[in-house]
Amino acid sequence: MRDYRVTDPGTGFVRVRLYPAHLRAFKATWPCSRLPVSRPLTFTFHRATGDLTDIEGPYHDGPDMAALAQEAQALAGLRR
């Protein structure tokens with residue numbers, strides 16, 4: 001099973017759900033990260049612009065979360 005899922009419900013937005021296995025692997029690259037890894041995180045991006053519009057799940061502000069959002073954006077094929 002993949003540790004993430006990308007969905008495009010046809011609304012102009014793309015959702016990327018990162019499961020705990022993906023979060024643990026990402027956190028291993030950020031040893032001081034405070035990212036919670038027990039529950040999935042879902043990022044929603046605007047399809048046309050790639051802008052982050054929402055985050056669902058436990059999260060905090062910080063450079064590790066920003067990098068994770070950029071990774072989710074790349075998984076959705078929206079990073080330029």
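Buried means under 20% relative accessible area, exposed means over 50%, and partly exposed lies in between. I wrote that down before opening the model, which is a predicted one.

**Entry 1: P36**

I looked up P36 with those cut-offs at hand. Its relative accessible area is 23%, so P36 is partly exposed. I found P36 in the loop between α1 (20-27) and β3. Next I listed what P36 touches, leaving out residues up to four places away in sequence: L23, P58, Y59 and H60. I also checked P36 against G57. The two are 21 residues apart in sequence, and their C-alpha atoms are 9.2 Å apart in space.

**Entry 2: the whole chain**

I stepped back to the overall layout. I noted two helices and four strands in the chain. Their order along the sequence is β-β-α-β-β-α.

Then I checked the dimensions. The C-alpha trace spans about 35 × 25 × 20 Å along its principal axes. For 80 residues, a compact globule would have a radius of gyration near 12 Å; the chain has 12 Å, so the two agree.

I went on to burial and surface. Of the 80 residues, 32% are buried. The chain exposes about 4800 Å², and carbon and sulfur atoms supply 52% of that area.

I looked at contacts between residues at least 6 apart in sequence. Of these, 49% join residues at least 24 apart. The chain has 11 positive and 8 negative ones, and their mean positions are 5 Å apart.

I started with β1 (residues 4-7) and β2. They run antiparallel and are joined by four bridges. I picked out V6, whose bridge partner in β2 is V16. I also saw T7 opposite R15 of β2.

β1 and β2 make a hairpin, with five residues between the strands. In the turn I checked G10, which has a positive phi of about 80°.

I followed β2 to its pairing with β3 (residues 41-46). That pairing is antiparallel as well, over six bridges. Here R17 has T42 of β3 as its bridge partner.

Which residues of β2 lie on the covered face, and which on the uncovered one? I read β2 as residues 13-18 and sorted them. V14, V16 and L18 form the covered face. F13, R15 and R17 form the uncovered face. In a regular strand, side chains alternate between the two faces of the sheet.

**Entry 3: T44**

I stayed on β3 and looked up T44, which is found in that strand. Is T44 buried or exposed? Its relative accessibility is 10%, so T44 counts as buried.

I then listed the contacts of T44, leaving aside neighbours within four places in sequence. They include F13, V14 and R15. D51, L52, T53 and D54 are also in contact with T44.

**Entry 4: Q73**

I turned to helix α2 (residues 63-75), where Q73 is found. I wanted its burial too. Q73 has 14% relative accessibility; the cut-off for buried is under 20%, so Q73 counts as buried.

What is Q73 in contact with, leaving aside its neighbours within four places in sequence? I found F45, G50, L78 and R79.

Technical notes: Residues numbered from 1 in each chain as written. Predicted model: local features only at pLDDT ≥ 70, side-chain atom pairs only at ≥ 80, totals over all residues. Heavy atoms only, no water. Rg over C-alpha atoms; globule rule 2.2 N^0.38 Å. Buried < 20%, exposed > 50% of the residue type's maximum accessible area, 1.4 Å probe, protein only. Contact = heavy atoms within 4.5 Å. Areas by Shrake-Rupley, 256 points an atom, 1.4 Å probe, with all protein chains shown as cover. Lys, Arg positive; Asp, Glu negative; His and termini not counted. Charge placed at Lys NZ, Arg CZ, Asp CG, Glu CD. Pairing = 2+ DSSP bridges.
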